[in-house]
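Please keep the sequence and the coordinates open while reading.

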Amino acid sequence: MNMRSRSLLALFVGVGVLGCYLALLSRGPPESVLHPTTVDERRLTGENQFQQLLDPRLNVLVFGMGNAYGAALDDRMHQAFPYLLSQNVDNYAHPVTDNLNFYSTCIETVLNHEKIYHVIVLDFWLYWYLGMKELAHRLKERFPNAMIFLIRSWSPSMFRRKAFPEDVAFLGFKQWKKEVARLDDNASNIFHLMKALGSDTGHWYFQDRGNADRILTDIVEEVGGIIIELPTSGQKSDLMRVLQFYDYHQHLKPNKDAHIVFAQLIKSHVELRGEELVTNGILGGWTGGDRCELWYTSGMTSLQHDESLKMRKVPGEDDKFALFVEDSGTITVVNPFAEPRTLYLTYLASSDPDAYDDATASGYGAGSFTLDTFSDDARNRPTKTTQVGKVPGGVHTITISPIINNPNVHSKFGLVGASFTDEEAIPDVYGFGISFDDELDL
């Protein structure tokens, strides 16, 4: 081993979990793991000589974003931590954040089966405001004896540096790398980056994530969640120890070695429960319940409607669909609950005021409600969700009438969803479910 390699290795000895992850690496790459409802490619390739970390009798459920999805990995189906844990994994993670609120609001609709999960992982720490706490409570209610893990996926990019602790001005890590260390994003500069960090005399600290951390703490206290993270005390030494667990360009996305560590840490907690976790798995209920239906990415719906509403592709999109309202027409909604529930309608929206007709919804005992298709969403997401009033239990006919007061409008009003929630979790106005069934391993 040359001097450069020895220096790099020495920097990583301080990571408490490094030994276990190196031991796993010595056994070779993990087995190919596919979602149970996809084609079992292992039979075709013969890649079945390696075992997942967890007891194969345990069912694993994952919700999250790009990390749990494995978006930054070369081969996420082999390298992302959900697939390292088990082949019995249902991974609902998606690299787009917009579907997270849908899960907290419509989890009964999503998990419309009697399968018992023993291990549940939530990986959207910084997007806690999209219903992470509500989702944790609803999952704990349904799977009372399951272990719930919360991934706190902090990254080197969250570190900041001041010349002196009392200074107000600071540099982000990537800015410091460019302006002070004078290094570009060439991955071969990792040794020089480590050297520059080691000799830097500035004050390094971890960017405050107070709200996100408080939600994790609440979930730990209220449902018995367990936080999983690469250890950090917010010191520069932590930054140096974990730097090679993240991509060199952005220092933001965990690489395959970090996924191995996440999987090993989860395994270490699961093993403490032993056989009891397998034998004590039970199904609870869904207090409140939900019934959600969206067809934006599928073009299929069981919602009954008359011929004035026609399912067509969204203009300019080959794989997005809506029920376009040609003239006043009706839809039939079913509130399956005994008590009145709020009806939410999801429809196409745009920051262009001439993109779509507005419409009114009426006939459910709450008068008439305007569905305004103008969007002031900063991210310009393509749908909008509006509560249109309380609907009694049973079957109801809703009339959708376009408001045609602008001859320059480019398209008719487009309906993409109708939902009832548990009245506790509230759909996000602009990010509700638009990516729900898009590119998932289901």
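Begin with helix α7 (residues 100–110) and helix α8 (residues 132–142), whose axes come within 8 Å and cross at roughly 25 degrees. Axes here are lines fitted to C-alpha atoms, for helices over the stretch in contact, and angles run from 0 to 180 degrees between N-to-C directions. Helices (H or I, at least four residues) and strands (E, at least two) are DSSP runs, numbered from the N terminus. The crossing angle makes α7 roughly parallel to α8; angles under 35 degrees count as roughly parallel, over 145 as roughly antiparallel, 65 to 115 as roughly perpendicular and the rest as oblique.

The model is a predicted one, in which local features need pLDDT of at least 70 and side-chain atom pairs count only at pLDDT 80 or more, while totals for chains, interfaces and linings use all residues. Residues are numbered from 1 along each chain as its sequence is written, and side-chain values use heavy atoms, with hydrogens and water left out.

Which residues of α7 and α8 meet? From α7 they are Tyr-103, Ser-104, Thr-105, Cys-106, Ile-107 and Glu-108, and from α8 Glu-134, Leu-135, Arg-138 and Leu-139. Contact means heavy atoms within 4.5 Å. By class, the residues of this contact of α7 with α8 are five nonpolar, two polar and three charged. Ala, Val, Leu, Ile, Met, Phe, Trp, Tyr, Cys and Pro count as nonpolar, Asp, Glu, Lys and Arg as charged, and the others, Gly among them, as polar.

A disulfide is a covalent bond between the sulfur atoms of two cysteines; the criterion applied is a pair of cysteine sulfur atoms within 2.5 Å. A search of the whole structure finds one disulfide. The torsion about the S-S bond of Cys-106 and Cys-292 is about -80 degrees, so the disulfide is left-handed. Because Cys-106 lies in helix α7 and Cys-292 in strand β9 (residues 291–294), the pair ties together parts that are 186 residues apart in sequence. Cys-106 has 0% relative accessibility and counts as buried. Cys-292 is buried as well, with a relative accessible area of 9%. Buried means under 20% relative accessible area, exposed over 50%, partly exposed in between (1.4 Å probe, protein chains only).

Cys-292 leads on to Ser-419, which touches Arg-291, Cys-292, Glu-293, Thr-342, Leu-343, Tyr-344 and Phe-432, not counting residues up to four places away in sequence. Ser-419 is part of strand β19 (residues 414–420) and counts as buried, at 0% relative accessibility. In the segment after β19 comes Glu-423, which has a positive phi of about 75 degrees although it is not a glycine. Most residues other than glycine have a negative phi. Glu-423 counts as partly exposed at 27% relative accessibility.

A positive phi, about 60 degrees, is also found at Arg-182, again not a glycine. Arg-182 is placed in the loop between α9 and α10 and counts as exposed at 68% relative accessibility. The loop between α9 (173–179) and α10 also holds Asp-185, which is partly exposed with a relative accessible area of 36%. Leaving out residues up to four places away in sequence, Asp-185 touches Lys-177, Tyr-248 and His-249. Asp-185 and Asp-247 are 62 residues apart in sequence and 10.0 Å apart in space, C-alpha to C-alpha.

How are buried and exposed residues arranged on helix α10 (residues 190–199)? Ile-190, Leu-193, Met-194, Ala-196 and Leu-197 are its buried residues. They cover an arc of only 165 degrees around the axis, which puts them on the same side of α10; the arc is that of the directions from the helix axis to the C-beta atoms. Lys-195 and Ser-199 are exposed on the other side of α10.

Strand β5 (residues 159–162) contains Arg-160, which is partly exposed with a relative accessible area of 23%. Arg-160 touches Phe-170, Leu-171, His-203, Trp-204, Tyr-205 and Gln-207, not counting residues up to four places away in sequence.

For the chain as a whole, the secondary structure comes to 14 helices and 19 strands. Of the 442 residues in the chain, 52% are buried. Among contacts between residues at least 6 apart in sequence, 78% join residues at least 24 apart.
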